[in-house]
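Please find below a colleague's note on the structure shown here. The points are numbered and may be read alongside the sequence.

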Amino acid sequence: KGDRVSIPRWSNVISKYTDKQLDHLLSKFPARDRFITWPVEVEGEDKSQLATIMHPIKPYRILRAMSSSGELVGQPFGVETWYGLIDIDRGSVYHNVESLNRLLGVLEKAGLRGLPVQSSNSGGWWVMVAFAENVNSMVLGDFLERCCLKAGFALSRGQCEIYPHKSVRNQSVRLPGQFGFGVLDICSGSPVWTVEWKSRTS
C-alpha cells in the first residue's frame, strides 16, 4: 500500500495505534502535493522559517507533526474534503463565548454539529465540521459562509475566515491535532485539554 510506512517509535502517542489505524488517519489528508512546514519555536513569530514543500510530503511528516515533535505542518484543501473550519483569531470581535455559541446554534439548525477547538498555542479558535464521506470543497465553503452571515459574522482577515473557501483558494492551513490544538469548553471558551510539545531531548 502506498501510504504504509515504517513509523519511527520516537512517539509514545503514535506507538499506541495500530498500522491500520494510522493508515486510516493518513487517508484523511490525501492532498500532499504542496505543504508548508515550520518549527514550533517560531509559532506566531518568525515566519521567515516557514518552508513550502512543493513535492509530495512523506506520510511520516504528518504523523511526526501530530505527535508534537516540534514541527508544524499545513496543507491547502483539495477539490474535495472531509472537513471544513471557521477560523476566529484571538483578537477577533467574535472571539467570545456569546458569539461562539450563536454560531454553533446556526450550524446545528442547518444540520451540522460544530466542534469548537483552540487551533494553536496562539489562542485562536476553529469551529470544525466533519463528514463521513468527502464533500465538494467550494460547495462546503459557500454553505459555511451562509451560516456565518446568518450568525452575524462578517468574513474578513483576522476576524473570521473559512477554509475551504474561494477567498483563500490554494492557501494552506495547519492540520488539526498539532501543538496547541485542544477542544474548547463552550461555557468558558477555555480549552479542556491541549496538545503539548516536548523536545526529543527533554
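1. The model under discussion is a predicted one.

2. Which residues of α3 are buried? They are S99, L100, L103, L104, V106 and L107. These residues lie on the same side of α3, because the arc they cover around the axis is only 160°. In general, an α-helix has 3.6 residues a turn, so residues three or four places apart point the same way.

3. The face of α3 turned away from the buried side bears E98, E108 and K109, which are exposed.

4. In length, α3 comprises 13 residues, and its first and last C-alpha atoms are 18 Å apart, close to the 18 Å expected at 1.5 Å a residue. After α3 comes G111, with a positive phi near 95°.

5. The largest nonpolar core holds 21 residues, and those touching the most other members are I86, L103, L107, L144 and F153. At least two residues of this core come from each of β4 (80-88), α3 (97-109), β6 (125-136) and α4 (137-150). The greatest contribution is that of α3, which gives five residues.

6. With which residues is F153 in contact, leaving aside its neighbours within four places in sequence? The contacts of F153 are I88, Y94, S99, R102, L103, C148 and C160.

Conventions:
Residues numbered from 1 in each chain as written. Predicted model: local features only at pLDDT ≥ 70, side-chain atom pairs only at ≥ 80, totals over all residues. Heavy atoms only, no water. Core = buried A, V, L, I, M, F, W, Y, C linked by side-chain atoms within 4.5 Å. Buried < 20%, exposed > 50% of the residue type's maximum accessible area, 1.4 Å probe, protein only. Helix = DSSP H or I, 4+ residues; strand = E, 2+ residues; numbered from the N terminus. Contact = heavy atoms within 4.5 Å. Expected span 1.5 Å × (residues − 1). Arc of directions from axis to C-beta.
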